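Keep it short and group it by topic.

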Amino acid sequence: MKTCPVSKACGGCNQDKNYEATLDDKQKIVEKHLSEMCKVERILGAQDPYYYRNKVHAAFGKINSKVVCGTYAPGSHKIIENSECLIENRLASAIILTIKKLAVSFKTPIFDERKGDGILRRVLVRVGEGTGEVMVVIVVAQVDFPGKKAFVKELISRHKEITTVVFNLNNKRDSMILGLKSISAYGKGYIIERICGKSFKLSPESFCQINHAQTEVLYGKAVEFASLSGNERILDAYCGIGTIGLIASDKAKSLVGIELNGKAVVDATSNAKYNGVGNASFRKGDASELMLAASLKGERFDVVFLDPPRAGTTPEFVNACKSVAPEKIVYISCSVETLARDLNLFKKAGFMPQVAQPVDMFPWTEHVETVVLLSQLRQRPDDYIE
């Protein structure tokens, strides 16, 4: 068992137990919340629980005039340095360390949070493990970056694996990692990642699961739960850049994806075209509102996939989901607490949880992903949640 010398100070992981013991703990948590509602399968652990984070973020600052970079300690903005994090992709960590060295040699002004001056704020590295493509996002507080071309040229010469470098402008005094404006300084400004046989365009802002191997396990299980025959109309709510829906599209008659983020809808449409998927369409808007509108037009769906944020979904979504009369719902959740709450809402609407499958997406942390299959057992027009 490997150990990290700064895990307690960093707070990003906990390595007090062996890996099997952490899986047992997560199994108990999921069973505590879900076992009275449905069968809970044994958690699917990672084949390799180390160096899995393919999206790595580091904050930059100064301590006693020395440039430092790393993660913030819990509940603070104190930067904890770690030359080899045991859960971060090693190439990504090495690239960030190189940028730190270059910042020193180029005398790049480091952003000071208290004063609000300086330039270099953060670095984000995303590694496409399915393709080998690497994106580096350098977050700056102002447009002018001294020696920008030479800086990027030197970075590329030291890490030839890098396929694109993007400068992101974030001059706001908030906790958001990225600002609204990104400019490509090298390469095409995005990378391609391959998941479950499909290719996806990832921009700096794109959401994509950060553990490639376990993402394939999770999404594979979600599609398996749907038991698609090729004749189903599927709806992917909270579809993001289209990952789950497009992976399932080969086994379905048609796919409709719904997403509130307009840029993600553009990316999802582009991903469908890139993969040659002709039976998919994507709509921008609130999933609850669009489902209700679709039901008024007589649209029905056989299977609904949903993978909402940690806060879960809403009674409005559950009612809207019922209006399109799916036989099955496949719910992917990153919070077992909100999942349990939402499953009770679905039960009241006539969708009964059948089986839950936990997946260890984030080894050495307290987080666990769970995918649940629900089936509709009754259909009454007045059976809505008040």
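Which residues line the largest cavity? They are N54, R126, V127, G128, I191, E193, L202, C208 and Q209. This is a predicted model, where local features need pLDDT of at least 70, side-chain atom pairs count only at pLDDT 80 or more, and totals for chains, interfaces and linings use all residues. Residues are numbered from 1 along each chain as its sequence is written, and side-chain values use heavy atoms, with hydrogens and water left out.

**Cavities**

- On a 1 Å grid over the protein atoms alone, a cavity is a set of points where a 1.4 Å probe fits but cannot get out; lining residues have an atom within 4 Å of a point.
- Grid points are joined across faces, edges and corners, and a volume is the space filled by probe spheres set on the points.
- Two cavities of 30 Å³ or more are counted.
- The largest cavity holds about 40 Å³ of space.
- Strand 5 (120-127) and strand 9 (191-195) each give at least two residues to the lining of the largest cavity. Strands here are DSSP runs (E, at least two residues), numbered from the N terminus.
- The lining of the largest cavity has four nonpolar, three polar and two charged residues. Ala, Val, Leu, Ile, Met, Phe, Trp, Tyr, Cys and Pro count as nonpolar, Asp, Glu, Lys and Arg as charged, and the others, Gly among them, as polar.
- The second largest cavity holds about 30 Å³. Its lining is F60, Y72, F111, E113, R121 and R122.
- That lining splits into three nonpolar, no polar and three charged residues.

**Second largest pocket**

- A pocket is an open set of points with protein on both sides within 12 Å along at least five of seven lines.
- The second largest pocket has about 340 Å³ of space. Of its 16 lining residues, G61, K62, D112, E113 and R114 are the closest to the centre.
- Strand 2 (55-63) and strand 3 (66-72) each supply at least two lining residues. Strand 2 gives the most, with four.
- Seven lining residues are nonpolar, two polar and seven charged.

**Helix packing**

- The axes of helix 3 (residues 90-105) and helix 4 (residues 148-158) come within 11 Å and cross at roughly 140 degrees. Helix 3 is therefore oblique to helix 4. Angles under 35 degrees count as roughly parallel, over 145 as roughly antiparallel, 65 to 115 as roughly perpendicular and the rest as oblique.
- Axes are lines fitted to C-alpha atoms, for helices over the stretch in contact, and angles run from 0 to 180 degrees between N-to-C directions. Helices are DSSP runs (H or I, at least four residues).
- I95, T98, I99, L102 and A103 of helix 3 meet F151, E154, L155 and R158 of helix 4. Contact means heavy atoms within 4.5 Å.
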